[in-house]
Amino acid sequence: MKKMRFLSVLLAVLMIVALTGCVGSAGSSTAEPASTADSGAESASDSTSASSGNTITYASMWTESEPQALWLADLAKSYEAEKGTKVEITWVGRDVLNQVKTQILAGNAPDLIDQDHSELSAAFLSEDEQLIMPLDDLLNGPGPEGEATFREVFNTAFLDLYKFQDHDYFVPYNLITSGFYYNKTMWDEMGIKAPQTWDEFIALIDTFKAAGKSLCAQDNDPMYNAYWYYWACERVMGAGKLYAAATDATGAAWDDPGYLEAAKLVYEVSKGDKNAFQAGYEGSVWPAGQQDFALGNEGCLLCGTWIPVELKDTVDSNWEWGYFPFPTVEGGVGQVTDMEAYLIGFCIPNGAKNPDGAKDFLLYISTSEHAQGLVNNALCMHARADAPIPSVLAEVEPYLKNAKSFHLSYDGVASKCGQWNADVFYTYGNQLFHGEITPEEFISQMKAATIAFYANK
Amino acid sequence: MEAAVKPKSSDNVAVKILSLIFRIIARIFLYAWCLFSLYSLYWIGISSLKTDREFFENAWGFPAVAQWNNYVAAWAQNSLDLNFLNSVIVVAGSVLLILLISTPAAYILSRIKFPFSNVVRGYVIIGMGIPVQLILVPLYFIMNQANLVNTHLGLILVYTAISLSFTVFLEMGFFHTLPTALAEAAAIDGCSPMGIFFKIMLPLGMPGVITSAIFNFISLWNEFMIALTFLTSNEKFTLPVGIYALSTAMQYIGKWTTLMAGLVIVIVPTLLIYLLLSKQIIEGLTMGAVKE
């Protein structure tokens, strides 16, 4: 009986210990902010282990099986084989900045992070605080293949676009731009040439309707819908104007007639007027629109240079990719020589354990031979000025080569004014794009909402 | 003397009609739900065998030629093989540890009286009412302090801790139904308490233990939130987290049929267990519900 009693007490104690999950001291109050299921944030002592001279830790925006990730993984392996330094890559995905910011603030930063330069800039650089290292010494130093400077490997206009307080903070590797993509085979069969002006573009609406198709496909994603007004503003008034209106707390910028003219362009293609899009576009869910385009049911798609990769398994064997930039507007400031430069690249956070190793790795992957891998395997444009363009993006090349100026994607609004973008621009921009409000209503609501946004901030 | 024949009252007829209507509606709903569920599984299955173009061009029809390479791509090229192995290790380890702790605990709590046994029993049952989301943050701090984040062991311990309450409660029900006379007869014959447990009660209560194992396997095999929180590197991901990573990756390269194949790989083990052991699961749920 005594034995039974002892056993029962012992089992009960074991159960209590197991239930409370006490596996160590919980007294510390300096533990890092915990993760949430939504963001899946990494711990401060997670797989991105404290790096040493023989290890470089890298938190990547790609997921493991994406072509860009495969390219980077191969480079990491060859770098380790040649230099004896392991590159530990964590394929975090597009949420990488949410996760690494916690690590940086907790003093456990990875050595390298990659993302869109605009997002890196918005996340890590402010007037009060810079959480990443300037890379002037790296870019002004020797290039990876004996160039006088690393900087000259790239188009310096790209680098200057993302300077902050006259310093360079990023090393790019992937160049993206946006415009209209179409099937040249289909257009040639229909006897249509790519439009250069807005009037030529609008005339194609009826041409495609007569052929039983729509001119444009649209996925009704706010980010894709926003392309239209951003580009319309750029063509009417030039780069920087949408950003100026987004950051004007008085709302007075919206009184400029250029914003109304841009809104009229968007309204003209919407369901409220000529309707350039497929039936039901206002209710479409990504990727239905772009896939329908790949099946040949629409004439073109306003998107980024990633679209040939996303649709490569849907398009038929006769498909030939064509491109034309957002058409120019009569009397407008923006021209086809004003191109968007959306760059993906690296930064090195403050507190990185192996910044020298990280810089060496950046030089290594930026050689012309290694850049070719991104072009061949991922069908992406490399940021090197001399990198070849993938054949699917051949028609983009002359516009990039002849560009006289570059501007940020979405005029920098999406990355630098994220909250305004989501709360104000997406709300009324979508309504304009769907034809639910007139251009005049759009302007008055944007003005009022911008004033209210900053008043409540 | 003949018994008087009571005429059926109108109330009885109304109740019967209402009951019949309710049963018809319930059956319609259940059949519709079954059809919807079966069609969803069927659609995932046939989609996994299409090309990506067919997936959009012929969304509801059969594939022209079955694309089994989608399964190869999902399994080998997207680390689902590694994710599968991780799931086996974590779930098997968790189920084993859960049973090792919960079975003797349930036996003691259901059959042995000791000081504060009611309190302990209540403590166990209260644990079932605590949502895991409530303890996720402090649990993360604890695991981080112990350097158990992103480890199989850490996840096994978390799964064990959160599953014990329900498992102990379930097994208590089983052990409670076992006849006391057997234990008393064994004691009279000189069997020790440990002997009674291992040689008599545990074999008799094995259906309950197996049911607990099945329930825990199914719930932990599909568990996502905790795995996503405590596993931070691709090589440690379990299947549900691997599928999440796969879906994110596939959408950026348009490989929707590979994603469908990945979903089939995840669904199949759970489906097989349900099909093979459904009778046992239902028996396990209802055993102990009726007192002797």
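Colleague: Among contacts in chain A between residues at least 6 apart in sequence, what share joins residues at least 24 apart?

Modeller: Two residues are in contact if their C-beta atoms, placed from the backbone, lie within 7 Å. For chain A, the share is 76%. This is a predicted model, where local features need pLDDT of at least 70, side-chain atom pairs count only at pLDDT 80 or more, and totals for chains, interfaces and linings use all residues. Residues are numbered from 1 along each chain as its sequence is written, while chains are lettered from A and ligands numbered from 1 in the order in which they are written.

Colleague: How many helices and strands are there in chain A?

Modeller: Helices (H or I, at least four residues) and strands (E, at least two) are DSSP runs, numbered from the N terminus. Chain A has 19 helices and twelve strands.

Colleague: Is D166(A) buried or exposed?

Modeller: A residue is buried if 20 or more other C-beta atoms lie within 10 Å of its own, exposed if 12 or fewer, and partly exposed in between, with C-beta atoms placed from the backbone. D166(A) counts as exposed because it has 8 such neighbours inside 10 Å. Its loop runs between α6 (156–161) and β4 (171–176) of chain A, and its phi is positive, near 65°, though D166(A) is not glycine.

Colleague: And why does N220(A) count as partly exposed?

Modeller: Because N220(A) has 19 C-beta neighbours inside 10 Å. N220(A) also has a positive phi, about 55°, without being a glycine.

Colleague: Which residues does a cis peptide bond join?

Modeller: That bond links W286(A) and P287(A), with omega about 5°. You will find P287(A) in the loop between α11 (257–269) and α12 (288–294) of chain A.
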